[in-house]
Amino acid sequence: MGQHLQAIYDTRVAEGLLRPDPAQRAALLHLESLRGRLEAPQRKGLLSRFKRSEPVGKQGLYLWGGVGRGKSMLMDLFHTHVGIKERRRVHFHAFMQEVQAALHEARKTDVDDAIKPVAAAIARNTRLLCFDEMQITDIADAMIVGRLFQQLFEAGVMVVTTSNRHPSDLYKDGLNRQLFLPFIDLLQDRLEVEQLEAMADYRQDRLAGEPVYFCPLGAEATKTIDAIWRDLTGGHEEELCLKVKAREVRLPRFWAGMARASFWDLCGQPLGPGDYLALVGAVELLVLEGIPRLDASKFNEAKRFVTLVDALYEGQVRLIATAEDEPERLYLEGAGSFEFERTASRLREMQGADWGANRETL
Ligand SMILES: Nc1ncnc2c1ncn2[C@@H]1O[C@H](COP(=O)(O)OP(=O)(O)O)[C@@H](O)[C@H]1O
Ligand SMILES: [Mg+2]
């Protein structure tokens, strides 16, 4: 048994890495008790799990609340310190993509209910699933999560998840929502549902008053952006793949609602408004590196960049960027250079300390 999660938290506060927040500290109590249950010696014997007579109790925590309150940070702290090997932390969206792929495979065989073997395979080597950013927007996901999670819970899997919404607001206004409602009941029945009413939007705090636009390009800008990224992500990252219609947009460097990509990744390829909207739906903050000065021959790249900035602007996404020059000097001649003035002005506005503070949760 390791140190109590609250003690670990207090150490980070003492080291100046975190600001003390009673709501965050309180949330760790739930997580500590889950940890105790997970680390308790397991009963051996083939039938022991069926013979159990005491009630199973809640099987995890659904932690929800506004952006930047520390939900992902708390979940990661928990996940890192739970002393069992059979645990997994994964972005909810990425998990559902894996599930859909596994279902697709299972349906090729002669099974009545493809969810059964898929859930069983997950439960076989996982006792704890930690999901970041549970949200459901896809009808294919909405139609299976109820039975999938029912089976995971029955197999004894514990679940900790973060979300920007209360369970009853998941898949709001979604198609065939009545078929989705049992999942909401299941979550509320099986999980402790807790709102994290932390004192501040810490992400906003971390960036407030700090420069977020760095030019010119070079070793110094790269070093700065590396340091910011490390500070924001704690050195973690994973790949997130967004499905847009039949296509995929890959974000190789993603963590807890933040993505890091180069100008050429996002504007050097044939991506369009739908792709940028999907990106905006998935991130609260984008680190965009290496915006070049564009000449008239690069009107396609310029046009995509305009579309990208519009999407980020509308969606109130925080932008941290490195660029060859000031916004106003990035695209001076070529098709659409007049309209680019608006983009430059938006890039200025997005550097403001309060930018993104009123972003609506999706
Ligand atoms: N108490 C705190 N003091 C300082 N920084 C914090 C605190 N809680 C969270 N942070 C930082 O604020 C940022 C946002 O936290 P995060 O857990 O991603 O929020 P959420 O998941 O609720 O949107 C992260 O960089 C995180 O490390
Ligand atoms: Mg988060």
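Which residues of helix α15 (residues 340–349) are buried?

1. Helix α15. The model discussed here is a predicted one. In helix α15, the buried residues are F340, T343, A344, R346 and L347. Viewed down the axis of α15, these residues fall within an arc of 160°, so they line one face of the helix. That set packs against α14 (299–314) and β11.

2. S337 sits in the loop between β11 and α15. With a relative accessible area of 18%, S337 is buried, the cut-off being under 20%. Apart from neighbours within four places in sequence, S337 is in contact with Y331 and L332.

3. Domains. The domain assignment divides the protein chain into domain 1 (5–195) and domain 2 (202–349). Taken over C-alpha atoms, the centres of domain 1 and domain 2 are separated by 31 Å. Domain 1 supplies 20 residues to the contact, and domain 2 supplies 16 residues.

4. Main core. The largest nonpolar core has 77 residues, and those with the most contacts inside it are F95, L148, F149, F183 and F305. Helix α14 provides the largest share of this core, eight residues. Domain 1 and domain 2 both give residues to this core, so it lies between them.

5. Which residues does F305 contact, leaving aside its neighbours within four places in sequence? They are F263, C267, L288, I291, L330, F340, T343 and L347. Of these contacts, F340, T343 and L347 also belong to the buried set of α15. A second, separate core of 25 residues includes L5, L61, F78 and A198.

6. Six-stranded sheet. One sheet is open and has six strands in the order β6-β11-β10-β9-β8-β7, with mixed pairing. Its edge strands are β6 (213–214) and β7 (238–244), each of which pairs on one side only. Strands of a sheet pair through backbone hydrogen bonds, either parallel or antiparallel. Between β7 and β8 (residues 247–255) the pairing is antiparallel, over six bridges. Within this pair, L242 stands opposite V249 in β8.

7. Helix across the sheet. Helix α11 (residues 219–233) lies across β6, β8, β9 (258–262), β10 (285–291) and β11 (318–323). The helix runs at about 160° to β9.

8. R247. This residue lies in strand β8. R247 counts as partly exposed, at 40% relative accessibility. Not counting residues up to four places away in sequence, R247 touches L242, P270, L271 and D275. D275 is 28 residues from R247 along the chain, and their C-alpha atoms are separated by 9.0 Å. L242, another residue touched by R247, is the one that stands opposite V249 in β8.

9. Strand β1. Is strand β1 (residues 60–64) largely enclosed or largely open? Five of its five residues are buried, so β1 is largely enclosed by the rest of the structure. In a regular strand the side chains alternate between the two faces of the sheet. Both faces of β1 are covered, with G60, Y62 and W64 buried on one side and L61 and L63 buried on the other. L61 is also included in the second core.

10. Partners of β1. Strand β1 runs parallel to β4 (residues 158–163), and five bridges join them. Here L63 stands opposite T162 in β4. The pairing of β1 with β5 (residues 192–195) is likewise in the parallel sense, over four bridges. On that side, the bridge partner of Y62 is V193 in β5.

11. Helix α1. The buried residues of helix α1 (residues 5–14) are L5, Q6, I8 and Y9. They cover an arc of only 160° around the axis, which puts them on the same side of α1. Their cover includes α2 (22–39) and α4 (71–81). L5, one of the buried residues of α1, is also included in the second core. After α1 comes G16, which has a positive phi near 80°.

Terms used: Residues are numbered from 1 along each chain as its sequence is written. Chains are lettered from A and ligands numbered from 1 in the order in which they are written. This is a predicted model: local features need pLDDT of at least 70, side-chain atom pairs count only at pLDDT 80 or more; totals for chains, interfaces and linings use all residues. Side-chain values use heavy atoms; hydrogens and water are left out. Two strands pair if DSSP finds at least two bridges between them. Helices (H or I, at least four residues) and strands (E, at least two) are DSSP runs, numbered from the N terminus. Contact means heavy atoms within 4.5 Å. Axes are lines fitted to C-alpha atoms, for helices over the stretch in contact, and angles run from 0 to 180 degrees between N-to-C directions. Buried means under 20% relative accessible area, exposed over 50%, partly exposed in between (1.4 Å probe, protein chains only). The arc is that of the directions from the helix axis to the C-beta atoms. A nonpolar core is a set of buried Ala, Val, Leu, Ile, Met, Phe, Trp, Tyr and Cys residues joined through side-chain atoms within 4.5 Å. Domain bounds come from an automatic or database domain assignment.
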